[in-house]
Amino acid sequence: MDQIQEIKNLSKEDKSLREIARQTGYAFETVKKYIEKQDFSPVLKPKQKRSGKLNPYKHHIDKWLENDKKAKRKQRHTAQRVYNRLKEIYGDEFKVSDRSVRKYVADKKADSRQQADGSLPLNHPGGEAQCDFGDAQFIENGQIFNGHYLSLSYPYSNAGYSQLFKSENLECLQEGLVAIFAHTGRVPTKIWFDNASTIVKKIREEGKRDVTESFRRFELHFGFTSNFCNPDSGNEKGSVENKVGYHRRNLLVPIPEFTCIQAYNRELLTRCDADMLREHYKKERPIEELFMEEKLLMSNLPGSVFEVCRLEKAKANNYGKVRFETNTYSASPDFAAQQVWVKAGAFTISILSDDFRLIQSHERLYGKNKESMKWEPYLRLISKRPRALKYSSFFSELPQSVQDYFDRLDYQGKRAALKVMAKMVEDTDISTAQIAFELAIEGRVEDIDSIWATYYSLTKSDIQVKDIAAPAVATYVPDNSIYDVCLRGGV
């Protein structure tokens, strides 16, 4: 990716393809290929990734060392204490040598000791932006989340946009930026970031950064340049630091409450537009007017859509469930104990087969030890083993009236009812199927055909069955007196 970036940068200097080829030593066709390439979305193909054993635990170390800045010098973490704490938390799972921990702690402390002599006022030309995350609570479907919001600030005009998320991972960063780019219709020429581990792998000498491949793809796709602040130098992106606080106070108070975070984020973009009607604090002109001028200095959107996702290999357990990060997602019993792909976005998780066919989609869970279960692929299996129904967690999730109904059925009845329910779920979803069963049971029509008729009237707008109750039938009493006349020889 760095080599491609070099070719792209040279092309911006109006150098010919052959001149770039001579200067870089790359083949002419290679130079031509990457200058013409626009789509740098991740390629969905198996890829082996190697990383240091300490990588999954660095966020703990970084947090502890950051908190140490508020503690007295003699009460701060030593490298040995960091190693011991990680062993206490992870036990035998932590298989990193104390030497690796000591080296990482020493490097981090050395970075924090580098202090600048003072702060310089920085001038940001139009077309540049600054990016950062803030913390904020919000309520989605009645559940409180200690979430985060991405803010993108444009220092020249003092314009800014924010987007809410449940994490600060790279997928949330990219999703937020993609939404803002699409809303404004332009891409900043340069964006300033801090040294978040989701972007920066290593800080080298002379301020150079080794960034993650996923971020480099994103950067190449949209064609902006990244600038990274010096460690512990938030003043270098003071515009977005102020914007984070301003948006929290003016857009996120009181605590936002909604049913869909993605719909709320779209609303948030329009509210940010409305906020630009005020005057610039120094230039005494409307921010909206300044931002319209600034957008002329930015780049056009690329011709292709960037797909925000992270692709990881995983293995389903014997129940066809997949563990991703700290949570579990159902796939299908057909894929039990098989290798699958997990395609993670900011809001969704897709489980793919080895050849990238979709198996199941879920809302992405944030937190620890949560589970998202989609019962659709499992109902067919349960219908083949109806005796196991009562001992499955699926049974306990059914409404009580539906549980009682299944308890009254014999083996064949359970099997038939489960097959019908599976058919309903494949057609719509599990909640609609449950409602159909409840309505039929309330109407005291519990045969399979009547339950299916109830479901059909519920889901098909052109068919309305107003009353599915069985009609009342008068009791028939036979009259045999006519036969007495015949037996007497007639009249």
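**A charged residue and its setting**

A: Leaving aside residues up to four places away in sequence, Asp 68 touches Gln 75, Arg 76 and His 77, where contact means heavy atoms within 4.5 Å. The model is predicted: local features need pLDDT of at least 70, side-chain atom pairs count only at pLDDT 80 or more, and totals for chains, interfaces and linings use all residues. Residues are numbered from 1 along each chain as its sequence is written, and side-chain values use heavy atoms, with hydrogens and water left out.

Asp 68 belongs to helix 4 (residues 58-68); helices (H or I, at least four residues) and strands (E, at least two) are DSSP runs, numbered from the N terminus. Although buried, Asp 68 has no salt bridge, and Lys 109, the nearest side chain of opposite charge, is 5.7 Å away. Buried here means under 20% relative accessible area, exposed over 50% and partly exposed in between (1.4 Å probe, protein chains only). Lys and Arg count as positive and Asp and Glu as negative, while His and the chain ends are not counted. A salt bridge requires a side-chain nitrogen of Lys or Arg within 4 Å of a carboxyl oxygen of Asp or Glu.

By this rule the count comes to 26 salt bridges. One of them joins Glu 36 and Lys 32, at 3.0 Å from N to O. Both residues lie in helix 3 (residues 28-36), four residues apart, about one turn of the helix. Glu 36 is exposed at 52% relative accessibility, and Lys 32 is partly exposed at 29%. Helix 6 (residues 98-113) holds both Lys 103 and Asp 107, again four residues apart, and their closest N and O atoms are 3.1 Å apart in a salt bridge.

A further salt bridge, between Lys 343 and Glu 307, has its closest N and O atoms 2.3 Å apart. Lys 343 lies in strand 14 (residues 339-344) and Glu 307 in the loop between strand 10 (299-300) and strand 11 (310-315), so the pair ties together parts 36 residues apart in sequence. Lys 343 is buried at 19%, whereas Glu 307 is partly exposed at 35%. Elsewhere, a network of salt bridges links Glu 171, Arg 310, Glu 312, Glu 325 and Arg 364.

Charges also meet rings. Lys 283 lies over the face of Tyr 156, 3.6 Å from the ring centre, and the charged end of Lys 423 sits over the ring of Trp 452, 4.6 Å from its centre. The criterion is NZ of Lys or CZ of Arg within 6 Å of the ring centre and within 35 degrees of the ring normal.

For ring pairs, the rings of Phe, Tyr and Trp (its six-membered ring) must have centres within 6.5 Å; planes under 30 degrees apart count as stacked, over 60 as edge-to-face and the rest as tilted. By this rule the count comes to 27 aromatic pairs. Phe 193 and Phe 215 form an edge-to-face pair, 5.3 Å centre to centre with 90 degrees between the planes. This pair links distant parts of the chain, with Phe 193 in strand 5 (residues 190-193) and Phe 215 in helix 8 (residues 213-222), 22 residues apart. Phe 193 is buried at 2% relative accessibility, as is Phe 215 at 1%. Both residues belong to one aromatic cluster, whose members include Phe 181, Phe 218 and Phe 306.
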